[in-house]
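Have a look at the model first, then go through the points with it open.

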Amino acid sequence: MTAVATRTGALSHSTVAWHTINWYAVHRTVRRLQARIVKAVQAERWGKVRALQHLLTHSFSGKALAVRRVTENDGRKTPGVEGSLWDTPAKKTRAMEELRQRGYRAQPLRRIYIPKTSSTNRWRPLSIPTMHDRAMQALYLLALDPIAETWGDPNSYGFRKERAPADAMEQCFNVLARQHAPQWILEGDIRACFDEFSHAWLVAHIPMERAILQKWLKAGFVDKHVLSPTEAGVPQGGICSPVIANLALDGLERVVKAYASLPTQRAQRAKVNLVRFADDFIMTGSSSALLEQEIKPLVEQFLRERGLELSPEKTRITHIEDGFDFLGQHVRKYAGKLLIKPAQKNVKAFLGKIRKIVKANKQATTANLIAQLNPVIRGWANYHRHVASKVTFYHVDTAIFTMLWSWAKRRHPTKSKGWVAKKYFRARHGRHWIFFGQQADHELELFRAGDVPIQRHVKIRGAANPYDPQWEVYFEERLRVGSDIQVMLAGNGDFATR
């Protein structure tokens with residue numbers, strides 16, 4: 001039997017084969033319900049909000065999209081503790097039918113460890129839910145994210161639709177570039193943020209079905225065949241975890257802005273601004289004393305209510321002329337002019353990754369090595385293409401050339417430099433020393449970071465909400481402009497698109 005639309009806007013069904021699903025109708029139905037949730041939140045009709053959430057989380061369309069998400073994302077081949085995967089249409093169909101709230105019990109998460117990007121000697125715990133729990137989280141996220149976007153702080157940019165690190169960095173520029181801009185910055189670092197959230201606070205304040213949320217939070221995890229309870233925090237690896245964390249941290253900007261609006265001379269001259277990306281944030285202020293004595297205590301009180309605290313070792317107050325690192329960029333004023341460029345630590349980590357790939361492919365063909373390097377170089381350059389990074393790009397290209405030259409010479413220790421250069425490098429379009437390789441019937445060339453043009457990013461408006469129909473034209477215009485830029489770059493041979 002095929003799905004049919006009901007008067008409420010949801011879809012009802014009996015049994016629908018996976019390959020017969022009308023995905024256009026599914027997306028349209030979910031989108032309509034999400035827009036209604038936004039309007040109900042804006043009108044503060046909380047009974048209506050809960051009714052619409054219930055309707056969405058029990059609908060065929062919501063369940064179909066949830067199963068589709070967990071079976072098409074990057075983690076679709078990573079099982080949880082039960083070891084099963086939904087890798088056939090029949091399994092996906094059955095998964096939709098079994099996605100029920102009645103009798104639902106969250107299973108423990110499978111704990112694995114991944115290296116932290118900032119250190120090769122430290123590991124970050126990652127918790128992998130079962131496929132069924134992932135689908136349940138994806139289902140409830142459909143009903144939770146519209147609220148998170150409606151409530152979200154204007155200058156919060158992490159784990160939010162249509163927002164990116166480039167928006168956060170552009171806001172840093174807007175706040176700090178002016179002649180009379182604030183000179184002092186509080187670099188905030190929350191200690192073990194995802195691991196320390198108060199469960200009691202989350203259950204009391206996160207706008208979703210409390211029984212379901214509590215089951216996720218208390219599921220525990222299995223590490224080396226040992227089951228451990230979870231008394232605090234949200235699992236890093238859960239689909240809903242980033243949005244839950246954002247909801248818990250939303251309101252911080254209102255707290256500091258409320259201080260700036262106080263009718264005292266000190267508060268009105270405070271120049272307080274917040275830029276937040278997930279649990280990383282900076283705050284500006286007119287003086288070091290103001291940030292230390294008045295703003296920092298407000299932040300600590302806000303976090304304490306949620307079971308969190310600032311890291312004393314990593315939280316610091318910095319003058320803009322000394323500069324600071326934020327989201328892989330370095331922000332600093334030189335003789336009154338603000339420059340944002342790739343941070344040295346970020347460049348070092350990137351070149352370390354390139355070096356690791358080159359060393360791991362000592363016997364690989366040139367084409368295979370290029371095929372592994374190009375996506376890494378292109379992705380890194382695209383991330384930094386909105387700031388003053390042209391000089392850094394050329395420095396990086398030189399460092400990569402040096403690695404590849406050494407790689408090529410080691411393969412032929414008895415050959416001359418001229419022979420090696422002729423075999424692995426060529427000149428083309430007026431450019432020399434292009435690293436290339438033959439793959440099947442076509443050639444591959446090494447992508448150069450310096451080929452990516454610097455493009456000023458247009459920051460998203462603070463109040464923009466991708467679930468609100470009132471902003472639909474705005475987002476379509478941003479998408480059109482972005483597409484035009486990508487076509488232009490591709491036409492120039494740059495291919496510097498995300």
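1. A word on burial before anything else: buried means under 20% relative accessible area, exposed means over 50%, and partly exposed is in between (1.4 Å probe, protein chains only). This is a predicted model, where local features need pLDDT of at least 70 and side-chain atom pairs count only at pLDDT 80 or more, while totals for chains, interfaces and linings use all residues. Residues are numbered from 1 along each chain as its sequence is written, and side-chain values use heavy atoms, with hydrogens and water left out.

2. Aromatics. Rings of Phe, Tyr and Trp (its six-membered ring) count as a pair if their centres lie within 6.5 Å; planes under 30 degrees apart are stacked, over 60 edge-to-face, and the rest tilted. By that rule the structure holds 17 aromatic pairs. One of them is W46 with W151, edge-to-face at 5.8 Å centre to centre and 65 degrees between the planes. That pair links distant parts of the chain, 105 residues apart: W46 sits in helix α2 (residues 46-57) and W151 in helix α5 (residues 131-151). Helices here are DSSP runs of H or I with at least four residues, strands are runs of E with at least two, and both are numbered from the N terminus. W46 is partly exposed at 32% relative accessible area, and W151 is partly exposed too, at 31%.

3. Now compare F425 and W433. Their ring centres are 5.5 Å apart with planes at 65 degrees, so this pair is edge-to-face. F425 is buried, at 6%, whereas W433 is partly exposed, at 44%. Both belong to a cluster linked by ring pairs, together with F401, W405, W407, Y424 and F435.

4. Arginines over rings. The test is that NZ of Lys or CZ of Arg lies within 6 Å of the ring centre and within 35 degrees of the ring normal. R68 lies over the face of W23, 4.3 Å from the ring centre.

5. Which residues touch the most other members of the largest nonpolar core? They are I21, F197, L202, W216, M283 and I295, out of 80 residues. A core here is a set of buried Ala, Val, Leu, Ile, Met, Phe, Trp, Tyr and Cys residues joined through side-chain atoms within 4.5 Å. Helix α5 gives the largest share of this core, 12 residues. Another core, of 33 residues, lies apart from it, with L351, V376, A381 and M403 among its members.

6. Not counting residues up to four places away in sequence, F197 touches L202, A232, G233, V234, A245, A248, L249, R306 and L308. Contact means heavy atoms within 4.5 Å.

7. Helix α1 (residues 23-42) passes a length check. The expected span is 1.5 Å times one less than the number of residues, so its 20 residues should span 28 Å, and the end C-alpha atoms are 29 Å apart, which agrees. Among its buried residues are W23, V26, T29, V30, L33 and Q34. At the start of α1, a side-chain oxygen of N22 comes within 3.3 Å of the backbone nitrogen of Y24.

8. Positive phi. Most residues other than glycine have a negative phi. E44, which follows α1, has a positive phi near 60 degrees. E44 lies in the loop between α1 and α2 and is exposed, at 57%. A192 also has a positive phi, near 40 degrees; its place is the loop between β5 (184-189) and α7 (193-196), and it is partly exposed, at 37%.

9. S389, in the loop between α15 (366-384) and α16 (390-411), is buried at 1% and in contact with P342, H384 and I454. F159, in the loop between α5 and α6 (165-176), is partly exposed at 47% and touches P242, N246 and A278. R316, in strand β10 (residues 316-319), is partly exposed at 42% and contacts I185, L186 and E187. R316 and D189 are 127 residues apart in sequence, but 8.6 Å apart C-alpha to C-alpha.

Note on methods. A polar contact is a pair of N or O atoms within 3.5 Å; within protein, one must be able to donate a hydrogen and the other to accept it, and residues adjacent in sequence count only if both atoms are side-chain atoms.
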